[in-house]
Amino acid sequence: MAVLLRTTGLSKNFRGLIANKDIDFQLEAGQVRSVIGPNGAGKTTFISMISGHLAPSSGKIYYKEQDITGLPVRKRARVGIARKFQTPSVFDNLTAYENIELAVLGTSTPRERRENRVLEVLDIVRLREQRDTPVQFLSHGQRQWLEIGMLLGIEAELLLLDEPTAGMTAAETAATGDLVKSLARDRNLSIVIIEHDINFIRDLQAPITVLHLGQVLKEGSFEELSNDPQVREVYLGA
Ligand SMILES: Nc1ncnc2c1ncn2[C@@H]1O[C@H](COP(=O)(O)OP(=O)(O)OP(=O)(O)O)[C@@H](O)[C@H]1O
């Protein structure tokens with residue numbers, strides 16, 4: 001499989017504090033990767049450098065083997081990298097349809113195909129029934145899915161999701177796991193997902209990168225890592 005995203009020696013210091021140190025990371029097209037680690041491990045910092053919201057202190061970021069280290073956020077979105085923050089940034093007084101339509105309007109989708117594309121995205125994120133519902137009346141989980149839909153609407157290929165299941169019910173969390181898996185499997189999208197919910201991570205069955213003190217402590221499957229003494233010590237509290 002083709003390597004989509006690669007970082008080499010990625011580091012970030014905040015006035016002497018080492019938030020990320022020498023992170024070598026690689027993700028293939030159609031792959032999901034969970035990034036876990038204790039509070040302050042550097043997960044958000046890492047994602048922020050990939051999305052372009054933070055400039056690295058040193059190191060490189062390659063997307064489809066192009067050096068994008070210095071590319072601003074907007075241009076990264078144009079090459080296919082999009083990020084979902086913890087708080088959904090959807091438009092409350094617009095309907096689910098109108099929100100997705102706004103995302104699709106920013107792409108080169110021809111006018112006559114726009115409606116179909118919006119409906120397709122609403123289907124993918126399971127919000128077709130809510131198409132005419134103003135977003136303020138959607139549940140917390142539905143708002144999160146709508147924002148994932150916005151990323152699909154702008155034709156993102158690499159989705160960076162920061163704690164997408166925070167505040168969700170158990171049923172919403174399970175549905176989010178199914179959605180993430182299907183986006184990778186059926187649409188060849190690549191997804192980096194930061195999560196604290198260890199049951200969600202287990203059920204996702206994706207390779208995991210464990211960050212600790214800004215560095216990659218280990219990478220592996222849930223089964224491998226949950227039996228790893230170092231990981232258990234720093235993260236699982238065993
Ligand atoms: N803008 C900033 N200025 C100064 N220090 C920062 C900044 N952003 C993050 N840090 C520090 O960098 C370290 C890594 O933070 P980061 O938010 O990346 O960790 P995290 O793993 O995402 O944590 P959490 O799970 O709590 O969200 C922390 O010590 C944090 O206090």
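## A pair of strands

T8 stands opposite K60, a residue of strand β4. This pairing belongs to a predicted model. Strand β1 covers residues 3-14 and strand β4 covers residues 58-63. The two strands run antiparallel, and five bridges join them.

## The sheet around them

Strands β1 and β4 are part of an open sheet of four strands, in the order β2-β1-β4-β5. The pairing in this sheet is antiparallel.

At the edges stand β2 (17-28) and β5 (66-67). Each of these has a single partner strand, so one side of each is left without a neighbour in the sheet.

## The whole protein

In total, the protein has nine helices and ten strands. Its C-alpha trace spans about 50 × 40 × 35 Å along the principal axes.

How does the radius of gyration fit what a compact globule would have? For 238 residues, a compact globule would have a value near 18 Å, and the protein agrees because its own value is 18 Å. Among contacts with a separation of 6 or more, 67% are between residues 24 or more positions apart.

## Inside and surface

Of the 238 residues, 50% are buried. Here, buried means under 20% relative accessible area. The protein exposes about 11400 Å², and carbon and sulfur atoms supply 47% of that area.

The protein carries 28 positive and 30 negative charges. The mean position of the positive charges and that of the negative charges are 6 Å apart.

Key:
Residues numbered from 1 in each chain as written. Predicted model: local features only at pLDDT ≥ 70, side-chain atom pairs only at ≥ 80, totals over all residues. Heavy atoms only, no water. Rg over C-alpha atoms; globule rule 2.2 N^0.38 Å. Buried < 20%, exposed > 50% of the residue type's maximum accessible area, 1.4 Å probe, protein only. Contact = heavy atoms within 4.5 Å. Areas by Shrake-Rupley, 256 points an atom, 1.4 Å probe, with all protein chains shown as cover. Lys, Arg positive; Asp, Glu negative; His and termini not counted. Charge placed at Lys NZ, Arg CZ, Asp CG, Glu CD. Pairing = 2+ DSSP bridges.
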